[in-house]
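Hello,

Here is the structure for you to look over. My notes on the helices and sheets follow below it.

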Amino acid sequence: MKTGVPFRELVACGSGAAWRDLLVEIYRSAQAEVRNHVPGVPEPHIVYILQGTILFEERDPEGEWRRLEVKSGDLFLTTSFAPYEARWKRNGPDPLVALSVFVGLPLLAEATRDLLGPGAQVRRLREFSGEADPELARFLDQLRGELSLGEAASPMLVQGIARALAVHLVRRYGEVPCSRSTRSRGLTVFDLHREDGYLRSHLDEEVPLAELAGLAGMSEFHFSRVFKRAAGLSPARYFIRLRMERARELLGDPTRNILEVGLEVGYSSASHFANLFRRETGLTPTEYRRSLSDAKA
């Protein structure tokens, strides 16, 4: 079973030269119930649960839900190219805190050549859920320690940990070689991260498709196709999801009126905002806010 880190507050993110070919983030979520769409990318994704206990469910689009209890200390490795749906309920008082690590393909290629010789192809990694791996946990704890240093993180140390981590993954979980076409297709997690960050910083504006395609250095047609393949949604639908995610957060503040919330996520028409919100959540903004009050009662 895979796991994503849906509907979350970003606590820390590695940036700069130290984190080349790594996407390392810490997320926190105090929501009682969460549902999200998780993109599919070629880079392996490791999730390390640092705090909290949840009942986690996932499914392929329109498939059957698979269930797993997730607790502090659990490790997950996802290597699927296909997007999937995830939802969870918090099981206990503590918020969920998780370390998320995407390992870049250049690191895996280097580790593969080191272990298997020049010309060896990158291996597909075996997925696992909740598996004990003390060595992997140590690498992740070391990355977490450097992440806590912010700009003072050591590029030499982080890159050394990254290489050791990649060698461990290939050595312990490597299976059959991936084809070049499989490894190179679509958007990388770093592409998606850039696009996601750009959209999140422009939630109150209209973002033309040409702008997003330009960030990826692609034509609009090609970008739309590979974005949907990775994210499972068109760029326009993905943007609406981000806006509604932010709207749910803002509706948790009772001092904000609903029109103000709609304006902050780019909708000047209250009725249009309400219709889109209901389509995404099954509730109107007023009903959603009332459900938050009832949950606290």
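**Helix α8 against helix α10**

α8 and α10 are roughly perpendicular to each other. Their axes cross at roughly 95 degrees and come within 10 Å. Please keep in mind that this is a predicted model. Here α8 covers residues 235–251, and α10 covers residues 270–281.

On the α8 side, the contact is made by R237, I240, R241, M244, A247, R248 and L251. From α10 come F273, L276, F277, R279, E280 and T281. Sorted by class, the residues of this contact are seven nonpolar, one polar and five charged.

**Helix α3 and its helix partners**

Start with α2, residues 134–147, and α3, residues 155–173. The two axes come within 10 Å. The crossing angle is roughly 160 degrees. Angles over 145 degrees count as roughly antiparallel, and α2 and α3 are therefore roughly antiparallel to each other. Their crossing is left-handed.

Which residues of α2 meet α3? They are E135, L136, F139, Q142, L143 and E146. Facing them in α3 are L157, V158, I161, A164, L165, H168 and L169. The class count for the contact of α2 with α3 is nine nonpolar, two polar and two charged residues.

Now α1, residues 105–116. The axes of α1 and α3 come within 8 Å. They cross at roughly 65 degrees. This crossing is right-handed.

α1 brings L107, L108, E110, A111, T112, D114 and L115 to the contact. α3 brings A162, R163, A166, V167, V170 and R171. By class, the contact of α1 with α3 has eight nonpolar, one polar and four charged residues.

**The six-strand sheet**

There is an open sheet of six strands. Its order is β1-β2-β9-β4-β7-β11, and the pairing is antiparallel. At the edges are β1 (9–13) and β11 (128–129), each pairing on one side only.

Inside this order, β4 (residues 45–51) and β9 (residues 96–103) run antiparallel and are joined by six bridges. I46 stands opposite V101 in β9.

**The four-strand sheet**

Another open sheet has four strands, in the order β3-β8-β5-β6. The pairing is antiparallel here too. β3 (33–38) and β6 (66–70) are the edge strands. Each has a single partner strand, so one side of each is left without a neighbour in the sheet. On average, neighbouring strands are turned by 20 degrees against each other, direction ignored.

β3 and β8 pair in the antiparallel sense over six bridges. One of the bridge pairs is V38 with Y84 in β8.

On to β5 (residues 54–59) and β8 (residues 84–90). They also pair in the antiparallel sense, over six bridges. F56 stands opposite W88 in β8. E57 stands opposite R87 in β8.

How do the side chains of R87 and E57 meet, and what is the N to O distance? They form a salt bridge, at 2.8 Å from N to O. Side chains of opposite charge can pair when their charged atoms come close.

This pair links distant parts of the chain. R87 lies in strand β8 and E57 in strand β5, 30 residues apart. The two residues also stand opposite each other in the pairing of the strands. In total, the count comes to 22 salt bridges.

**To look at on screen**

Then turn to β8, which pairs with β3 and with β5. Finish on R87 and E57, with their salt bridge at 2.8 Å.

Best wishes

Definitions and conventions
Residues are numbered from 1 along each chain as its sequence is written. This is a predicted model: local features need pLDDT of at least 70, side-chain atom pairs count only at pLDDT 80 or more; totals for chains, interfaces and linings use all residues. Side-chain values use heavy atoms; hydrogens and water are left out. Axes are lines fitted to C-alpha atoms, for helices over the stretch in contact, and angles run from 0 to 180 degrees between N-to-C directions. Angles under 35 degrees count as roughly parallel, over 145 as roughly antiparallel, 65 to 115 as roughly perpendicular and the rest as oblique. A crossing is left-handed if the near helix is turned anticlockwise from the far one by less than a right angle, and right-handed if clockwise. Contact means heavy atoms within 4.5 Å. Ala, Val, Leu, Ile, Met, Phe, Trp, Tyr, Cys and Pro count as nonpolar, Asp, Glu, Lys and Arg as charged, and the others, Gly among them, as polar. Two strands pair if DSSP finds at least two bridges between them. A salt bridge is a side-chain nitrogen of Lys or Arg within 4 Å of a carboxyl oxygen of Asp or Glu.
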